[in-house]
Amino acid sequence: MKKKLWTGGVVFILLLLVLAACGTQGAQPDNTANVETGKQSDNAEPNNGANNEGSSEGNAEGAETETRTITYLDQKYTVPAKAEKIVITGSVESMEDALVLDVKPIGAMTTGGQFAPMFAPITQDTVGIGEKTQPNIEEILKLKPDVILASTKFPAETLEKLNKVTTTIPVSHISTYWQDNLKLLAELAGKQEQAEQVLQKYAEDSRAFKEQIGPVFKDKKVVILRVRAGSLAIYPEDVFFNPSVYADLGASVPEEIKQAKAQQTISLEQLSAMNPDYLFVQFAESENTDTPKALEDFQNNPIWKSLNAVKNDNLFVNLVDPICQGGSTYSRITFLEAVKNSKLILEK
């Protein structure tokens with residue numbers, strides 16, 4: 001009898017041990033799963049790319065995570081639904097468009113480490129992100145931009161680096177696309193109606209002024225040139241300020257301008273052979289750092305003084321800010337207004 005009791009007791013104790021072991025093993029997977037989930041959450045890195053459908057923060061608010069597709073010059077780009085943080089690098093055209101639409105970029109290129117004075121209205125709180133041709137990728141990355149407006153002048157490797165930060169749109173530097181450029185920024189900033197009003201007003205103003213200035217330019221040779229690196233440069237009829245002079249104001253296109261395929265350096269003797277009746281000259285110190293007195297030297301030259309435009313007091317130097325690119329909306333508007341208020345019209 002004692003043997004049976006002892007045997008039964010042993011079996012009972014073993015059964016309790018087995019049950020205890022099973023209970024411990026059953027609880028373990030839940031604890032492990034909780035720890036692993038916590039690690040994944042803590043280590044997750046937010047993706048700031050333009051193709052995001054969401055981010056690690058603010059997922060509860062759909063507006064912060066939505067994207068949209070926009071089209072610019074037949075190319076499609078994915079950007080946030082609200083592109084509020086815009087960086088501009090390399091594209092002076094985009095900076096000028098920002099002036100027109102009062103868009104304040106969070107980051108923008110500098111000239112000699114500073115923003116050009118003409119951009120003061122939109123750069124009070126803007127961070128410098130490198131020079132025009134040398135964007136600082138690290139500084140841009142810190143700003144976590146929604147979109148980057150770059151330049152078609154940038155080499156492919158620069159655009160590739162910028163695209164790794166976020167969606168980068170190469171903005172054309174060709175005057176032909178001036179309206180497309182303005183509409184691009186307007187669409188990003190939600191200012192489409194304002195852009196349409198600006199374009200419509202310019203079309204009306206230039207059309208009216210063309211009739212007024214037509215008799216002044218009739219049968220006259222009109223040339224606009226730029227002093228760069230100490231040399232005189234002319235441009236094709238659809239580049240720089242030439243569209244304003246020839247298309248918008250109706251001056252006849254000189255043969256030398258028709259033949260120019262790109263920026264073309266000419267000598268003072270070649271300018272003398274052209275002998276313009278009206279001469280517009282743009283000279284920026286930032287483009288002539290090694291030859292700061294280049295324009296002064298030209299003006300003191302007897303050949304320059306013999307030009308019809310100079311002899312008849314029809315020379316206009318820096319009629320608008322020399323930083324202006326010429327083909328943008330801002331350049332066109334300011335050039336038109338400057339001509340209206342110049343001696344060219346007021347003294348006729």
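**Helix H2 and onwards**

Reply: We may begin with H2, whose buried residues are Val-92, Glu-93, Ser-94, Met-95, Glu-96, Asp-97, Ala-98, Leu-99, Val-100 and Leu-101. Please note that this is a predicted model.

Me: How many of the residues of H2 are buried, and what follows for the helix?

Reply: 10 of the 10 residues of H2 (residues 92-101) are buried, so the helix is largely enclosed by the rest of the structure.

Me: Which residue comes just after H2, and what is its phi?

Reply: That residue is Asp-102, which takes a positive phi of about 55 degrees.

Me: Before we go on, what is the average pLDDT of the chain?

Reply: The average is 85, and 81% of the residues score at least 70.

Me: What is the overall make-up of the chain in helices and strands?

Reply: The protein chain has 14 helices and 13 strands. Of its 348 residues, 41% are buried. Among contacts with a separation of 6 or more, 60% are between residues 24 or more positions apart.

Me: Which residues touch the most other members of the largest nonpolar core?

Reply: They are Phe-217 and Trp-304, in a core of 79 residues. Helix H6 (residues 192-217) supplies the largest share of this core, with 8 residues. A separate core of 11 residues includes Ile-140, Ile-148, Phe-154 and Leu-159.

Me: Returning to Trp-304, what is it in contact with, leaving aside neighbours within four places in sequence?

Reply: Trp-304 contacts Leu-232, Leu-268, Leu-271, Leu-279, Val-281, Leu-295, Phe-298, Gln-299, Val-310 and Leu-315.

Me: Now to H4. Which of its residues are buried?

Reply: In H4 (residues 156-165), the residues Thr-158, Leu-159, Leu-162 and Val-165 are buried. Viewed down the helix axis, the buried residues of H4 fall within an arc of 100 degrees, so they line one face.

Me: Which exposed residues are on the face turned away from that buried side?

Reply: Ala-156, Lys-161 and Lys-164 are the exposed residues carried by that face of H4.

Me: What do the buried residues of H4 pack against?

Reply: They pack against strand E6 (134-135), helix H3 (137-143), strand E7 (147-151) and strand E8 (168-171).

Me: Take E7, then. Why is it described as largely enclosed?

Reply: The reason is that 5 of the 5 residues of E7 are buried, so the rest of the structure largely encloses the strand. Val-147, Leu-149 and Ser-151 are buried on one side of E7, and Ile-148 and Ala-150 are buried on the other. In a regular strand the side chains alternate between the two faces of the sheet.

Me: In what sense does E7 pair with E3, and with E8?

Reply: Strand E3 (residues 86-88) and E7 pair in the parallel sense over 3 bridges, with Val-87 opposite Ile-148. E7 and E8 also run parallel, joined by 4 bridges. The bridge partner of Ser-151 in E8 is Val-171.

Terms used:
Residues are numbered from 1 along each chain as its sequence is written. This is a predicted model: local features need pLDDT of at least 70, side-chain atom pairs count only at pLDDT 80 or more; totals for chains, interfaces and linings use all residues. Side-chain values use heavy atoms; hydrogens and water are left out. pLDDT is the predictor's confidence in each residue, from 0 to 100. Helices (H or I, at least four residues) and strands (E, at least two) are DSSP runs, numbered from the N terminus. Buried means under 20% relative accessible area, exposed over 50%, partly exposed in between (1.4 Å probe, protein chains only). Contact means heavy atoms within 4.5 Å. A nonpolar core is a set of buried Ala, Val, Leu, Ile, Met, Phe, Trp, Tyr and Cys residues joined through side-chain atoms within 4.5 Å. The arc is that of the directions from the helix axis to the C-beta atoms. Two strands pair if DSSP finds at least two bridges between them.
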